[in-house]
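Please view the sequence and the model first, then read the numbered points beside them.

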Amino acid sequence: MTTAAEPPSYPATPLTSYAAVDANQAGDTDGPFKHLDSGVVVGSKLYAVHSNYPEWPMESSIEVFDTRTMRHVDTYSFGIYRGSLTWLDRHDGAWWAGFANYDEIQDGMTEPYGQTYNTQVVKLNDRFEPQVTQSIEVAVRT
């Protein structure tokens, strides 16, 4: 079995924080969004990642908002896919997305939520389609 090197650790110190009594994962509990994890502003648009976490099967999408009006302007659905979309970023002409899976067993389930070893970082094109660039072997410590 291949052993993985210890990943680097970097110290981080928060600069400030803000109280947000109305904040939750997706705003209105009766609204169309279940679980917004993170977002990135590129140009005049906010690209927010959305999932149905902790529901099963996992479904995810990218929800796009106009930064000036905060109106919802587009959706890119992954449907039932690689895991729970938790982050998105733009780098070097491509989109990069993290699809998380967890070893936790959610309420009402008998199996873990996707198994952590299925977590993936995926390179996407401008239509948010996966780009296969190379195969990467990942060693998992047990």
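1. Read along its sequence, the chain follows the pattern β-β-β-β-β-β-β. It has 0 helices and 7 strands; helices (H or I, at least four residues) and strands (E, at least two) are DSSP runs numbered from the N terminus.

2. The model is predicted: local features need pLDDT of at least 70, side-chain atom pairs count only at pLDDT 80 or more, and totals for chains, interfaces and linings use all residues. Residues are numbered from 1 along each chain as its sequence is written, and side-chain values use heavy atoms, with hydrogens and water left out.

3. The C-alpha atoms of the chain fill a box of roughly 55 × 40 × 35 Å along the principal axes. Of its 142 residues, 28% count as buried; buried means under 20% relative accessible area, exposed over 50%, and partly exposed in between (1.4 Å probe, protein chains only). The chain exposes about 10300 Å², of which carbon and sulfur atoms supply 51%.

4. Contact is defined as heavy atoms within 4.5 Å. Among contacts between residues at least 6 apart in sequence, 37% join residues at least 24 apart.

5. A nonpolar core is a set of buried Ala, Val, Leu, Ile, Met, Phe, Trp, Tyr and Cys residues joined through side-chain atoms within 4.5 Å. In the largest such core, of 14 residues, Tyr47, Ile62, Leu88, Leu124 and Phe128 touch the most other members. The elements giving two or more residues to this core are strands E2 (45-51), E3 (59-66), E5 (84-91), E6 (94-100) and E7 (120-124). E6 gives the most, with 3 residues. Apart from this core lies another, of 5 residues, including Ala26, Leu46, Ala48 and Phe65.

6. Which residues are in contact with leucine 124, leaving aside its neighbours within four places in sequence? They are Phe78, Leu88, Ala94, Trp95, Ala97, Glu129, Pro130 and Gln131.

7. Some backbone geometry deserves attention. Most residues other than glycine have a negative phi, and most peptide bonds are trans. The peptide bond from tryptophan 56 to proline 57 is cis, with omega near 0°, and proline 57 is found in the loop between E2 and E3.

8. The structure holds 3 salt bridges, each a side-chain nitrogen of Lys or Arg within 4 Å of a carboxyl oxygen of Asp or Glu. Lysine 34 pairs with glutamate 55, the closest N and O atoms being 3.5 Å apart. This pair links distant parts of the chain, 21 residues apart: lysine 34 in the segment before strand E1 (35-42), and glutamate 55 in the loop between E2 and E3.

9. Aspartate 126 and arginine 90 also meet in a salt bridge (2.7 Å, N to O). They too link distant parts of the chain, with aspartate 126 in the segment after E7 and arginine 90 in strand E5, 36 residues apart. Arginine 127 forms a salt bridge with glutamate 129, at 3.0 Å between the closest N and O atoms. Arginine 127 is exposed, with a relative accessible area of 56%, whereas glutamate 129 is partly exposed, at 35%.

Definitions and conventions
Areas by Shrake-Rupley, 256 points an atom, 1.4 Å probe, with all protein chains shown as cover.
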